[in-house]
Amino acid sequence: MKHKYQNFTIYIENDYESLSHTAAKIIAAQIKERPSGIFGFATGGTPVGTYKCLIEMNKANEIDFSQITTFNLDEYYPINKTNSQSYDFFMKENLFGYVNINHEKIHIPNGEAKDVASECENYECQIADAGGIDFQILGIGLNGHIGFNEPAETFQTFTHYVSLDTTTIEANSRFFESVAEVPKSAITMGIKTIMMSRRILLIINGAQKADIAYETVFGSITPRVPASVLQLHHDVTIVLDREAAEKMLPRI
Ligand code: PGA
């Protein structure tokens, strides 16, 4: 079901499968509209189903990735690209390895960079040189992070190095053998980098995200809930499953 609330267009789907289809259709429509556009991609458990649908659509010749340029939101630091937990590896495994994308046009922060500060600066410059991001896909952390912009006293503006929250390390430990193996730091696009995107798609799945989904849309705009800043963006689409939308449903 489609709702409009303030600057948000909100789709509530029955389950993860239909959420993934809806999100993929929205992305596919954007790729058709801007065949050589600049697309921001996200990692995490949430977009995996969406990426599967995009792979199917690409196989069926319904969408063409060959001209697009991509920038991923974040990457652990330090991490080797060959590490199966790196986001570089994740994107190959879950999308880029299976579609007709031009691999020279893929950008992911370099977890192997020697100098992290210049990697952050270079990444931000590459986005600016490409003309900014046309369409940014986001997931959300249980603590409200977008990218790895963790709750803080102030919004971090541009691409930066960040120490991960204990809650993020715990949440991400499900992908590792143990909590001890989860990297403790990362490189992430900043809040301003994300907010400068022309269009944003936020995907939220599962009952455990119902509180943070509500805070994002109806709470105060605060760096303590980084995603709340999306209330200030002019074009945000949110796709949720029914469980994640549970708390917000009475108000939209
Ligand atoms: P998840 O992560 O999709 O694995 O829940 C989302 C995020 O941390 O941005």
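The second largest pocket of this predicted model has a volume of about 170 Å³, whereas the largest pocket has a volume of about 620 Å³. Two open sheets are described below, one of eight strands and one of three, together with salt bridges, of which the structure holds six. The model is predicted, so local features need pLDDT of at least 70 and side-chain atom pairs count only at pLDDT 80 or more, while totals for chains, interfaces and linings use all residues. Residues are numbered from 1 along each chain as its sequence is written, and side-chain values use heavy atoms, with hydrogens and water left out.

**Pockets**

- A pocket is an open set of points, on a 1 Å grid over the protein atoms alone, where a 1.4 Å probe fits, with protein on both sides within 12 Å along at least five of seven lines; lining residues have an atom within 4 Å of a point.
- Grid points are joined across faces, edges and corners, and a volume is the space filled by probe spheres set on the points.
- The largest pocket is lined by 33 residues, of which Gly44, Gly45, Asn172, Arg174 and Phe175 are the closest to its centre.
- Helix α5 (166–172) is one of the elements that supply at least two residues of the lining of the largest pocket, as are β5 and α3 (87–94); the largest share, four residues, comes from α5.
- The lining of the largest pocket comprises 13 nonpolar, 17 polar and three charged residues, where Ala, Val, Leu, Ile, Met, Phe, Trp, Tyr, Cys and Pro count as nonpolar, Asp, Glu, Lys and Arg as charged, and the others, Gly among them, as polar.
- Residues lining the second largest pocket include Lys81, Asp88, Phe96, His103 and His107, and α3 gives the largest share, three residues.
- By class, four nonpolar, three polar and three charged residues line the second largest pocket.

**Sheets**

- Helices (H or I, at least four residues) and strands (E, at least two) are DSSP runs numbered from the N terminus; two strands pair if DSSP finds at least two bridges between them.
- The eight-stranded open sheet runs in the order β1-β2-β11-β10-β7-β3-β4-β6 with mixed pairing, and its edge strands are β1 (2–5) and β6 (106–107).
- Strand β4 (residues 69–72) pairs with β6 in the parallel sense over two bridges, and Phe71 stands opposite His107 in β6.
- The three-stranded open sheet has the order β5-β9-β8 and antiparallel pairing, with β5 (74–76) and β8 (160–163) at its edges.
- Strand β9 (residues 185–188) pairs with β5 over three bridges in the antiparallel sense, and Glu75 stands opposite Ile187 in β9.

**Salt bridges**

- A salt bridge is a side-chain nitrogen of Lys or Arg within 4 Å of a carboxyl oxygen of Asp or Glu.
- Arg34 and Asp134 form a salt bridge, with the closest N and O atoms 3.2 Å apart. Arg34 lies in the loop between α1 (16–33) and β3 (38–41) and Asp134 in the loop between α4 (116–129) and β7 (135–138), so the pair ties together parts 100 residues apart in sequence.
- Asp134 also meets Arg198 in a salt bridge (2.5 Å, N to O), and Arg34, Asp134 and Arg198 are linked in a network.
- Asp134 is buried, at 8% relative accessible area, whereas Arg34 is partly exposed at 33% and Arg198 is partly exposed at 35%; buried means under 20%, exposed over 50% and partly exposed in between (1.4 Å probe, protein chains only).
- A further salt bridge joins Arg199 and Asp235, the closest N and O atoms being 3.7 Å apart.
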